[in-house]
Amino acid sequence: MPPATGAAPNRTAEALITRRIETPLGPMVAGATDEGLALLEFAEPDRLGPQLDAARKAIGCRAEEGDHPLLARLAGELFEYFEGTRAEFSVPLRLAGSPFQVMAWQALRDIPFGRTRTYAEQARAIGRPAAVRAVGAANGRNRLAIVVPCHRVVASGGRLCGYGGGLWRKQFLIDLERRHAPGDDAQAGLLFS
């Protein structure tokens with residue numbers, strides 16, 4: 001897994017460069033700095049606006065549309081992911097949040113492709129078994145959809161809940177990964193509604 005940073009906001013003239021990327025789930029907007037990818041969000045205004053603003057504030061910079069090598073790299077990796085030929089993203093990430101949020105987001109990246117965990121399992125994975133609601137809140141503030149796979153976290157019993165991009169997208173991503181996951185069908189019996 002590529003390194004991710006959780007450094008404090010950098011108050012420089014740096015810009016968050018954004019670009020629209022078309023996906024099978026609809027358009028997404030990605031944002032990167034020279035340090036790493038800081039945003040990947042579905043383009044619906046009610047979701048994108050707050051996430052873009054939060055990313056910009058967390059990093060401490062302005063946002064502007066444009067081209068960046070990391071965004072081109074991400075577009076290629078997303079294409080491979082949706083084709084079923086990529087299980088992990090290698091683009092460097094810039095995770096900007098509280099220490100708890102960064103810890104929760106890092107733990108999301110440890111969930112194997114094609115598998116799910118419950119919120120309680122995720123809280124235990126970060127050593128905070130009583131922090132189930134806080135884990136859910138951190139997942140909701142994840143600004144890197146798909147790449148930091150909060151879609152892999154489900155309610156107890158495997159029920160779908162809590163995905164900012166909509167439950168239909170969460171189901172699509174889980175199904176896509178299950179179809180292309182190597183070997184182990186240990187979770188194939190989970191039912192989703």
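Predicted model: local features only at pLDDT ≥ 70, side-chain atom pairs only at ≥ 80, totals over all residues.
**Strand S3 and its surroundings**

Colleague: Which other strand pairs with S3, and in what sense?

Modeller: Strand S4 (residues 37-42) pairs with S3 in the antiparallel sense, over 5 bridges. One of the residue pairs is Val-29 with Glu-41, the latter in S4, and the hairpin that joins S3 to S4 passes through 4 residues.

Colleague: Which strand pairs with S2 over 4 bridges?

Modeller: That is strand S5 (residues 62-65), which pairs with S2 in the parallel sense, and here Ile-17 stands opposite Glu-64 in S5. S2 itself is mostly covered, with 5 of its 7 residues buried.

Colleague: Why is strand S3 described as largely enclosed by the rest of the structure?

Modeller: A residue is buried when its relative accessible area is under 20%, and in strand S3 (residues 28-32) 5 of the 5 residues are buried, so the strand is largely enclosed by the rest of the structure.

Colleague: How do you know that both faces of S3 are covered?

Modeller: In a regular strand, side chains alternate between the two faces of the sheet. On one side of S3 lie Met-28, Ala-30 and Ala-32, on the other Val-29 and Gly-31, and all of these are buried.

Colleague: Why is Arg-94 called buried?

Modeller: Arg-94 has 6% relative accessibility, and the limit for a buried residue is under 20%, so Arg-94 counts as buried. Arg-94 lies in strand S6 (residues 93-94), and although 62 residues separate Arg-94 from Ala-32 in sequence, their C-alpha atoms are 8.0 Å apart in space.

Colleague: Which residues line the largest cavity?

Modeller: Arg-94 is one of them, together with Ala-38, Leu-95, Ala-96, Trp-105, Arg-143 and Leu-144. This lining divides into 5 nonpolar and 2 charged residues, with no polar ones. The structure holds 1 cavity of 30 Å³ or more, and the volume of the largest cavity is about 30 Å³.

Colleague: What makes helix H3 mostly covered?

Modeller: Helix H3 (residues 99-108) has 10 residues, of which 7 are buried. The buried residues are Phe-100, Gln-101, Val-102, Ala-104, Trp-105, Ala-107 and Leu-108, and they pack against strand S7 (117-118), helix H4 (119-125), helix H5 (132-140) and strand S8 (153-154).

Colleague: How many helices and strands are there in the protein, and what pattern do they follow?

Modeller: The protein has 6 helices and 8 strands, which read along the sequence as β-β-β-β-α-β-α-β-α-β-α-α-β-α. Of its 193 residues, 50% count as buried, and where contacts join residues at least 6 apart in sequence, 64% of them link residues at least 24 apart.

Conventions: Residues numbered from 1 in each chain as written. Heavy atoms only, no water. 1 Å grid on protein atoms, 1.4 Å probe; cavity = no way out; pocket = protein on both sides within 12 Å on 5 of 7 lines; lining within 4 Å. Points joined across faces, edges and corners; volume = space filled by probe spheres on them. Nonpolar A, V, L, I, M, F, W, Y, C, P; charged D, E, K, R; others polar. Helix = DSSP H or I, 4+ residues; strand = E, 2+ residues; numbered from the N terminus. Buried < 20%, exposed > 50% of the residue type's maximum accessible area, 1.4 Å probe, protein only. Contact = heavy atoms within 4.5 Å. Pairing = 2+ DSSP bridges.
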